[in-house]
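Hi,

Here is the structure I promised to pass on. Have a look at it first, and then my notes on what turned up are below.

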Amino acid sequence: KAVVSTQSGHYGRGGWAWSFAGEQDKLEAAIEVGGAGYPTIVALNIKKNAVLHHRGGFSKDSINEFLQYVIAGRIAPAVLRKDVPKLRKATPWDGKDGQMPEEEDYSDLDDVDLDDIPVENEGSGHSEL
């Protein structure tokens, strides 16, 4: 919501796109985003071979300030180190959160016999937990 409400304001000088992590992995590599750095906002000027990374909070005010600085030229861009690849066709988001993968249930430990674990240094004076 913060991105959409900010973009719908007075920033008509460019376009914007949204992608979820990993969907455009070649683009992420080219603009040097990815890993644990999500969510992220990047200003990209392909003609000038420049990229600017938003390093602030992910709120409407913070995004707004970043975009104002970008437009005013108050942030020094980094040079793109790789060519920006063509985007691959992506599945449109359905507006719903994804499903978490099923995790194995470890609550049944009946088959584990802790009495068979050897105890080292018995009688060393240390108390067992």
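Let's start with glutamine 24, which counts as buried because its relative accessibility is 9%, under the 20% cut-off. Bear in mind that this is a predicted model. Glutamine 24 is in the loop between α1 (2–7) and α2 (25–30). What does it touch, leaving aside neighbours within four places in sequence? The list is Ser19, Leu87, Arg88 and Ala90.

Arg88 turns up again in a salt bridge, where its side chain meets that of aspartate 25 at 2.8 Å, N to O. Arginine 88 is in the segment after β3 and aspartate 25 is in helix α2, so this pair ties together parts that are 63 residues apart in sequence. Both partners are partly exposed: arginine 88 has a relative accessible area of 41%, and aspartate 25 comes in at 39%.

How many salt bridges does a search of the whole structure find? It finds two. The other pairing to look at is glutamate 32 with arginine 81, whose side chains meet at 3.3 Å, again given as N to O. This pair also links distant parts of the chain, since glutamate 32 sits in the loop between α2 and β1 (42–45) and arginine 81 in the segment after β3, 49 residues apart. Glutamate 32 counts as partly exposed at 44% relative accessibility, whereas arginine 81 is exposed, with 69%.

Now the overall layout. The protein has three helices and three strands, and along the sequence they follow the pattern α-α-β-β-α-β. How much of it is buried? Of the 129 residues, buried ones make up 18%. If you take the contacts between residues at least 6 apart in sequence, 55% of them join residues at least 24 apart. The accessible surface comes to about 11200 Å², and 51% of that belongs to carbon and sulfur atoms.

Serine 62 is another buried residue, at 14% relative accessibility. It lies in helix α3, which covers residues 60–72. Apart from neighbours within four places in sequence, serine 62 is in contact with His54, Gly56 and Gly57.

One is nonpolar and is formed by Trp16, Trp18, Phe20 and Trp93, which together have about 530 Å² of accessible area. Of these, phenylalanine 20 is placed in the loop between α1 and α2, and at 39% relative accessibility it counts as partly exposed. That loop is also where glutamine 24 is found.

The other patch is negative, and its members are Glu104, Asp105, Asp108, Asp110 and Asp111. Is aspartate 105 buried or exposed? Its relative accessible area is 58%, so it is exposed, as the cut-off for that is over 50%. Aspartate 105 lies in the segment after β3 (78–79), and arginine 88 is in the segment after β3 too.

Cheers

Terms used: Residues numbered from 1 in each chain as written. Predicted model: local features only at pLDDT ≥ 70, side-chain atom pairs only at ≥ 80, totals over all residues. Heavy atoms only, no water. Helix = DSSP H or I, 4+ residues; strand = E, 2+ residues; numbered from the N terminus. Buried < 20%, exposed > 50% of the residue type's maximum accessible area, 1.4 Å probe, protein only. Contact = heavy atoms within 4.5 Å. Patch = residues over 30% accessible without salt bridge, like charges linked within 9 Å, V, L, I, M, F, W, Y side chains within 5 Å. Areas by Shrake-Rupley, 256 points an atom, 1.4 Å probe, with all protein chains shown as cover. Salt bridge = Lys/Arg side-chain N within 4 Å of Asp/Glu carboxyl O. Lys, Arg positive; Asp, Glu negative; His and termini not counted. Charge placed at Lys NZ, Arg CZ, Asp CG, Glu CD.
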